[in-house]
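Try each task before reading its solution.

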Amino acid sequence: MRRMQILLTTVALFTAGTSLGGTAYANEEVMKLQKDPNNWAMQLGDYSGKRYSTLDQITTQNVKNLKVDWSFSTGVLRGHEGGPLVIGDVMYVHTPFPNIVYALSIKDKGKILWKYEPRQDPNVIPVMCCDTVNRGVTYADGKIFFGQADNTVVALDAKTGKEVWKAQNGDASKGETLTANPIVVKDKLLVGISGGEFGVRGHLTAYNIKDGKQVWRAYSTGPDKDVMIDPQKTTMLGKPIGDRDLGVSTWNGDEWKIGGGTTWGWYTYDPELNLVYYGTGNPGTWNPAQRAKDGKREGSDNKWSMSIFARDADTGAVKWVFQKTPFDEWDYDGVNENILADITVKGKPVKALVNFDRNGFGYTLDRVTGELLVAEKYDPAVNWATHVDMKTGRPAVVDKFSTFANGTDTNSEGICPAALGSKDQQPASFSPDTGMFYVPTNHICMDYEPFEVSYSAGQPYVGATLSMYPAPNSHGGMGNFIAFDATTGKIVWSKPEPFAVWSGALTTKGGVGFYGTLEGFLVAVDLKDGKELYRFKTPSGIIGNINTFVADGKQHIAVLSGIGGWAGIGLAAGLNDPQAGLGAVGAHASLGQYTNLGGVLTVFTLPD
């Protein structure tokens with residue numbers, strides 16, 4: 001009866017189409033769907049990004065009995081990031097380029113209800129930095145929303161797969177591409193842009209979900225009016241910014257115009273505060289000397305790259321902003337997800353935002369004010385900075401590992417973490433049952449040599465050569481799955497893996513945590529102590545995200561396999577040079593001995 005109720009509700013929503021839409025309704029519909037654990041209605045689980053489910057049929061006692069219920073081939077190779085959505089009895093699955101979208105019947109175990117395959121110019125592939133990935137579709141208002149590689153944002157009828165509208169979000173000839181998972185807030189679809197390695201100027205754009213018309217666009221760099229910052233009203237660390245146009249004055253000349261700060265990560269939202277949270281990426285170029293104002297690090301923060309923004313979802317105006325890695329010298333992209341959780345820090349209840357940055361520090365902020373509460377390393381190998389100054393929020397850089405202090409054309413060795421970060425885009429999870437954050441991490445270091453590079457639209461604007469390798473004095477592996485206490489900044493336990501853990505995590509009420517490995521294993525662990533409870537080899541390496549839902553009254557686990565992404569770019573693109581793939585190929589040179597290309601959805605459940 002419960003499943004029938006969900007199905008009828010879903011069908012009613014689809015049938016109603018735009019007649020039930022509206023500013024308030026779209027938001028309420030999404031919230032209702034995500035609160036029902038039978039669905040997996042958003043890529044991050046819900047607006048808060050916790051990737052947690054209250055489903056508890058699968059427990060620490062019976063997870064060892066999981067079996068494959070059904071599987072589905074996407075028909076596409078290359079890296080499969082993101083994961084499927086589940087709305088009622090329909091599953092929506094996406095692929096990397098050419099960005100096919102499938103609607104599958106869960107009742108009929110993968111029967112194709114409709115298929116959408118856009119026509120895209122394959123010339124967009126060479127300007128996709130780190131594989132042809134995409135992080136997934138979004139549902140709201142009877143539509144499926146999707147961002148294609150060629151910068152087309154498309155709205156599809158969720159029942160039929162027919163196009164409702166299209167919007168152009170960027171220009172591939174300038175190096176702009178689109179890999180992010182959009183988010184719907186009220187009557188707006190919010191989506192960013194990729195291309196930080198091509199001199200792209202990052203932005204977040206809001207489109208009307210009814211017709212695709214642009215409502216507002218906020219840039220990551222440039223004058224205040226473009227960034228949509230009022231320095232008297234916008235705060236940083238709880239105080240008004242004060243100074244005007246920092247998005248210009250903290251750059252060398254006009255470098256801000258090709259300054260990166262792209263927005264290809266994840267977006268979260270607090271309905272009570274009406275604030276959307278997201279991060280901005282690395283500044284272009286990777287050679288910091290070209291971005292240094294007057295040839296100095298001081299005054300060259302390159303704002304607002306490497307920052308967390310809190311924006312009013314209706315207007316785009318910035319309420320607060322926090323820059324994690326000013327004047328980035330290591331490509332520590334700041335786009336990782338911002339998990340919203342209510343926790344107690346130093347005896348005080350806090351509406352917190354928790355971010356596990358590429359730079360290796362885990363940040364806990366007050367999501368209302370942007371005040372910094374905790375900033376600690378979540379991988380002990382991190383050495384580029386000793387700590388974060390809690391008053392200024394600035395990391396204390398170790399000159400030995402500074403690619404700027406050492407100079408252009410000088411190879412800085414032994415920097416930890418590598419540009420892959422202590423964690424890349426693979427989203428973490430928060431369990432309110434344990435109060436812990438569960439984080440898929442990388443344990444990789446690098447050598448980094450910057451060089452002079454000239455800008456040409458549509459051409460790589462990198463300016464550095466990298467070599468990557470496992471962190472020294474460790475278990476010899478390149479990954480860990482960890483439990484982290486964001487109230488204290490302490491690692492509670494750590495489970496090593498041979499390769500970087502590049503999949504999104506899932507936690508459940510049943511006390512089980514799930515993640516995937518680059519070799520292709522779905523792994524289940526006990527949330528209390530990290531003890532491994534289950535391991536199953538899927539057909540290809542996992543860089544997608546694990547989710548869970550209910551079908552026929554039974555809890556299911558789903559994972560999208562398909563090796564690729566930055567970590568698996570060597571396999572995905574057939575690269576052999578250790579320094580290819582911006583250094584990632586060398587780090588994962590042996591990965592081809594354990595897995596191969598292939599896009600496959602695998603769905604698990606317990607036996608009857």
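**Exercise 1.** In which strand is the place of Ser-307? Then describe the surroundings of Ser-307.

*Solution.* Before starting, note that this is a predicted model, where local features need pLDDT of at least 70, side-chain atom pairs count only at pLDDT 80 or more, and totals for chains, interfaces and linings use all residues. Residues are numbered from 1 along each chain as its sequence is written, and side-chain values use heavy atoms, with hydrogens and water left out.

Step 1: Ser-307 lies in strand 19, residues 307-312; strands (E, at least two residues) are DSSP runs numbered from the N terminus.

Step 2: Ser-307 has a relative accessible area of 0%, so it is buried (under 20% relative accessible area, 1.4 Å probe, protein chains only).

Step 3: Beyond its neighbours within four places in sequence, Ser-307 is in contact (heavy atoms within 4.5 Å) with residues including Tyr-278, Thr-280, Phe-322 and Gly-334.

**Exercise 2.** Which strands pair with strand 30, and in which sense?

*Solution.* Step 1: Two strands pair if DSSP finds at least two bridges between them.

Step 1: Strand 27 (residues 412-415) pairs with strand 30 in the antiparallel sense over 2 bridges. Here Ser-412 has Tyr-448 as its bridge partner.

Step 2: Strand 31 (residues 464-470) and strand 30 are also antiparallel, over 7 bridges. Tyr-448 stands opposite Leu-466 of strand 31.

Step 3: Finally, check the cover: 6 of the 7 residues of strand 30 (residues 444-450) are buried.

How values were computed. Helices (H or I, at least four residues) and strands (E, at least two) are DSSP runs, numbered from the N terminus. Buried means under 20% relative accessible area, exposed over 50%, partly exposed in between (1.4 Å probe, protein chains only).
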